[in-house]
Amino acid sequence: MFARRIAVIGTGYVGLTTGACLASLGHHVVCADIDEAKVTRLNAGQIDILEPGLPELVAEGVAAGRLEFVLGARNAITQPDQPPVEVVFLCVPTPMGEGGAADLAAVQAVANEVRHLLPTNCVIVNKSTVPVGTAETTRKMIGRRDVAVVSNPEFLREGSAVHDFLHPDRIVVGSDSQEAAERVAALYSRLGAPTQLTDAASAEMVKYAANCFLAMKLSYVNALSDLCERLGADVVEVTEGMGYDRRIGANFLSPGPGWGGSCFPKDTHALLEIAKAAGMDFELVAASLSTNATTRARVVDKVRDAAGGSLSGKRIGLLGLTFKAGTDDLRDSPSLAVAELLRAEGAELYGYDPACPVDVPATAGITVVDEPLDMAKDAAALVVLTEWPQFRALDWTALAGVVEAPVVIDTRNLLDPDVLRRAGFAWIGLGRS
Ligand code: UDX
């Protein structure tokens, strides 16, 4: 394999994983961030995010001299006494901006900063999720005939980002320059993954198309679980039966308190805006979002019913605050969205999460505690919101001893109802008969 010199701009989940994994594939990678304290921490081997395998990979890359961290994009691209960088990955945030469209300020800022510094024939790769047409806009912004722009969307799940990078279902590389697309695809050749070379706009669209489809799949399952409950069917049985159909697949069929995280909410809103700007009302995506809101409200209905018809002044214990298990990320967490709705009805919230997230926003109104027993004390109901497997092993008999009313609303269908019943709890799942 041909080892390339690569700059990665942005060291969030995507950038840091990309940098560390590319270094592990043998490339020379210099990662840049504008946060000086973060760069210092990274150089000292401290990783801020919870991502299995990442600290080891970073340490390995640094020890092998193939991975380093610098302050600012400029320093990553103009390294004195080093051969020129050949590929620059943009891994900066593209958050939801005004009205739901993706905010490209960070991409633009980096493009402006580096356009005159890029070595001849270097390739810019956009890894962030950006609206269709951004590769073209970036190309114009850079305004260099000798610099090609490539779209190479990431499909990393938080909590398994390193695994997903090293064992991808596919690699999508889009560019209007065949040579540039091939150079980027070759970076991954050791992975032996199916690789699709396409045009830039299609590559940019793949990411939205995939994420919105997954969000739609989950909204479908969540609505289905509601119907199952009404009809006396069991959603676990129903999704098992569906999952055997290879056209549907068994993954991503678990109902929950609504979907969230750093990607699905922003990508669904962004695709709606993209479609609107193109004169199209993408009703399926809009319905997936409204179904997600209904799903959250349905959880609140269940908690209210369990608490005797009113939440006012009731203590409610929340199990799980992160948007899914295996991460400490609270961004757009369904748990926090449900918490806000519960609090709006006057509930007093106590939350416990094994990842001990430190930045729980005050708006959620949750008192975060370190012990499950403190979370459960005097609770009129307990609500499982995140599918942490650790919750199965809690001492449910001890928890039953401290609650005001022994009832669990399990929005992930995570716990064993028999274990709960033996411990003295009434167990209420989602879509279970
Ligand atoms: C997602 C995509 O999977 C990934 O390809 C993309 O690059 C970024 O967005 P991530 O946000 O890390 O990854 O989480 P994911 O595991 O996909 O879960 C998203 C949400 O769906 C979470 O709130 C999760 O709890 C929920 N979910 C997932 C369910 O409710 N049921 C399921 O069966 C699966």
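Student: Which residues count here, and how are they numbered?
Tutor: Numbering starts from 1 along each chain as its sequence is written, and in this predicted model local features need pLDDT of at least 70, side-chain atom pairs count only at pLDDT 80 or more, and totals for chains, interfaces and linings use all residues. Side-chain values use heavy atoms, with hydrogens and water left out.

Student: What is the order of the strands in the eight-strand sheet?
Tutor: The order of this open sheet is β3-β2-β1-β4-β5-β6-β7-β8, with mixed pairing. Strands (E, at least two residues) and helices (H or I, at least four) are DSSP runs numbered from the N terminus, and two strands pair if DSSP finds at least two bridges between them.

Student: Which strands are at the edges?
Tutor: The edge strands are β3 and β8 (195-198), and each pairs on one side only. From one strand to the next, the twist averages 25 degrees.

Student: How many bridges join β7 to β8?
Tutor: Four bridges join β7 (residues 171-175) to β8, and the two strands run parallel. In this pair, Ile171 stands opposite Thr195 of β8.

Student: Which helix packs on that sheet?
Tutor: Helix α9 (residues 200-231) packs on the sheet and touches β6 (148-151), β7 and β8. Its direction makes about 145 degrees with that of β7; axes are lines fitted to C-alpha atoms, for helices over the stretch in contact, and angles run from 0 to 180 degrees between N-to-C directions. Contact means heavy atoms within 4.5 Å.

Student: What about the six-strand sheet: what is its order?
Tutor: This open sheet has the order β11-β10-β9-β12-β13-β14, with parallel pairing. Strands β11 (366-368) and β14 (426-428) stand at the edges with a single partner strand each, so one side of each has no neighbour in the sheet.

Student: Which residue stands opposite Ile409?
Tutor: Ile409 stands opposite Ile428 in β14. Strand β13 (residues 407-410) pairs with β14 in the parallel sense over three bridges.

Student: Changing topic, is Asn126 buried or exposed?
Tutor: Asn126 counts as buried, because its relative accessibility is 2%; buried means under 20% relative accessible area, exposed over 50%, and partly exposed in between (1.4 Å probe, protein chains only). Asn126 belongs to strand β5 (residues 123-126).

Student: What does Asn126 touch?
Tutor: Leaving out residues up to four places away in sequence, its contacts include Leu90, Val107, Thr138 and Pro153.
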